[in-house]
Structure formats: structure tokens, C-alpha cells
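Here's a walk through one protein chain, piece by piece. Have a look at the picture first, and then let's see what holds together with what.

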Amino acid sequence: MRSYSLIAPAKINLYLEIIGNRPDGYHELAMILQSIDLADQIDLHAASTEAIRVYCHHPQVPTDNSNLAYRAAALMAKQFPDAFSNFGGIDITVRKNIPVAAGLAGGSTNAAAVLVGIDLMWNLGLTQSELEELGAQLGSDVPFCIAGGTVIATGRGEKLSPLPSLDHIYIVLAKYRSLEVSTAWAYKTYRQVFGSTYMTNTEDLAARASAVHSAEIVKAIVNKDAVKIANKMHNDLEKVVLPSYSQVLQLRELFASQEGVLGTMMSGSGPSVFAIVESKAQAEIVKQKIREAIPDEDLELFVTQTIGNGIQILN
């Protein structure tokens, strides 16, 4: 086919622990990542030139070579020059539904969709592992976004161990459009404040990362126990983001005060905040209550749910 449309789901963090420093300058992490059905659509079309072009209606999304979707296409062109020469350039249209700069892997999932789509367009026949290895060159969240579902992520986030999929756990998600939190700032600040508590021995780092496999939240996921999952959620980055961003703290506290909310947390480095709720009906009620409490049009609110997949092909 000369064109493909793909669905690119967002992700939330159910767990994020910073363990220590890595030799490559990144942090050693232990995370549980979860796909949700809030998603972008990526349309790929073969171009008549050798150019890679990105189109997006969202004013906050760049369309130059800084866009991760562009970089994904450029990586494929570099890795598979014969296919690029044979098939030519690509037009990438990003239909944006995931909030931008939100800690929801919006850019990463777009890049993942481009990798999957170009593999199909160019008849490369790459395995999922090969696509994930390519994705790791673009960003730590890209490998997860390809397969999605429910996963333990260690290393800098690129080492993935699948868990039983969580489906149909309802979530209310909130994010101020104009509010951004730099991921680099969040991790740098955490290192400055809490670096003295980091594990330094390589064996200790590996042991602590592997220990997440037996954590209480993993047991709750295996049992599909939403109440216990919500109770065991954790995000180390809240320790630096919440004191510095009052709007994020306010959202978290407001969610926590709502009837029917089982648990609430910031996703990734923020500033998105989400709440796990009892049902879809309760999610709609909570969403309305938050809107009434904060009638600011800058605040985006979504009702979404957990899903067991990553990139999906529409056609």
C-alpha cells in the first residue's frame, strides 16, 4: 500500500521510581507504563519527492525536523537507504488528540506509529523487537508505545517486561493546555535534591530495578484489582514538580477529594494528573465536578480507559 493510517495511544505511568545514575548520564528507572485509549491518528502517504513532510493542525506541534515523527521517518530513511530510494519520501499528517507536553508520551507514540507504518509501506518485515530497538534511538518511551499494554520498564525506560493487560479501568485525565513541565528540568532537579539517596553500586541498581517485578502494585495488576492498583501508585517526580507547580498540586488535591476516586497521581514528569475511578458513569461525574470547580477553559479534561495494545493499523 502507498498509504496507511494508524492509531497511536497515549500512556500513563502507574509507577515511577528513580533508583540512581546510569553511566550514560540518564537515570536508572523502574516504571510501570500503561496504554490508554486517548490517542492520536497518524496518516502516512507516499510522496512524489524524496522529502519528509509533517503536517499538524495543533499550534504547539512543530512540523520541522524537531518533530519526533519526522525524526522517526528520517531514521528509517537512514537505516534503509535502498528502500527509501525505491519508495521515495513520506507525508506525515498528525491528527492530535493527546495533550501536548503532558507526560503522556504524545510525541513518542507518534514516532512509534511512523516506524510501524513505514515498515509496512516499505515491506521491510521488521520484527517488533527490531522496531523497538530503532525506537530506543529516538526516545525512552518509543519502544513501549509500539506494543503498548501494561509493561514494567527498567533501564532508562527501554527495557520492557510485559504484564497481563489491564482493560477497561476508567480514568479521568486533566491537563492545562498552556502549562508545560520540562522533563529534563524535573529529572535534573530531582537529582539535585535527592541525589544523595541514589544507589551507586551497579549490582544494587540492577537488584532494585528487578525488585519491582514482585512489588505490591504488580500483584494488583495481575489480579486486575483497580482499588489496590490505585492505592499502590507512586511517582518520585511528584516530589519536585508538585511544590513548584501549584496548578498541578491543586488538580491532584481536587481529584483526591472527589467521591468515587480510587487514587490519583501525576503522569510521568507532568503536568497531566489522572484519577482512577470506579466506573465510566463515575468518571463522567468526576469530570463534571472538576469542571465546575475549575471553569478555566485552559484546563482540558478527558474520560479515558486502560487498553491492552499500542499502535494499531486503521487501514
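How many disulfides does a search of the whole structure find? The search comes back with 0 disulfides. Keep in mind that this is a predicted model. A disulfide, by the way, is a covalent bond between the sulfur atoms of two cysteines. Take C56: it is in no disulfide, and the nearest cysteine sulfur, that of C145, is 16 Å away. Now go to the other end of that gap. For C145, the closest cysteine sulfur is the one in C56, and at 16 Å it is too far for a bond. The cut-off for a disulfide is 2.5 Å between the sulfur atoms. Are these two cysteines buried or exposed? C56 is buried, with a relative accessible area of 18%, and C145 counts as buried too, at 3% relative accessibility.

Next up, salt bridges. Side chains of opposite charge can pair when their charged atoms come close. Searching the whole structure turns up 10 salt bridges.

| Pair | Closest N and O atoms |
|---|---|
| R208 and E17 | 2.8 Å |
| K96 and D40 | 2.6 Å |
| R252 and E238 | 2.7 Å |

Start with R208, which forms a salt bridge with E17. R208 sits in helix α7 (residues 202–211) and E17 in strand β1 (residues 3–21), so this pair ties together parts that are 191 residues apart in sequence. R208 counts as partly exposed, at 24% relative accessibility, whereas E17 is buried, with a relative accessible area of 12%.

Then there's K96, which pairs with D40. K96 counts as buried at 10% relative accessibility, and D40 is buried with a relative accessible area of 1%.

R252 and E238 make another pair. They are 14 residues apart, with R252 in helix α11 (residues 246–256) and E238 in helix α10 (residues 238–244). R252 counts as partly exposed at 24% relative accessibility, while E238 counts as buried at 11%. Salt bridges can also join up: R22, D24 and E28 are linked in a network of them.

Now zoom out to the domains. The protein chain is divided into domain 1 (1–164 + 307–312) and domain 2 (169–304). Their centres, taken over C-alpha atoms, are 22 Å apart. How many residues of each are in contact with the other domain? It's 35 residues of domain 1 with 39 residues of domain 2. Between them, the two domains bury about 3200 Å², with 65% of that on carbon and sulfur atoms. On the domain 1 side, L14, L16 and I19 lose the most area to domain 2, together 18% of what that side buries. The count between the domains is 1 salt bridge.

Why is strand β11 (residues 299–305) called largely enclosed by the rest of the structure? Because 6 of its 7 residues are buried. Strand β7 (residues 170–176) is joined to β11 by 7 bridges, and the two run antiparallel. To find the pairing in the picture, look for I171, which stands opposite T304 in β11.

How values were computed: Residues numbered from 1 in each chain as written. Predicted model: local features only at pLDDT ≥ 70, side-chain atom pairs only at ≥ 80, totals over all residues. Heavy atoms only, no water. Buried < 20%, exposed > 50% of the residue type's maximum accessible area, 1.4 Å probe, protein only. Helix = DSSP H or I, 4+ residues; strand = E, 2+ residues; numbered from the N terminus. Pairing = 2+ DSSP bridges. Domains from an automatic or database assignment. Contact = heavy atoms within 4.5 Å. Buried area = accessible area lost by both parts, 1.4 Å probe. Salt bridge = Lys/Arg side-chain N within 4 Å of Asp/Glu carboxyl O.
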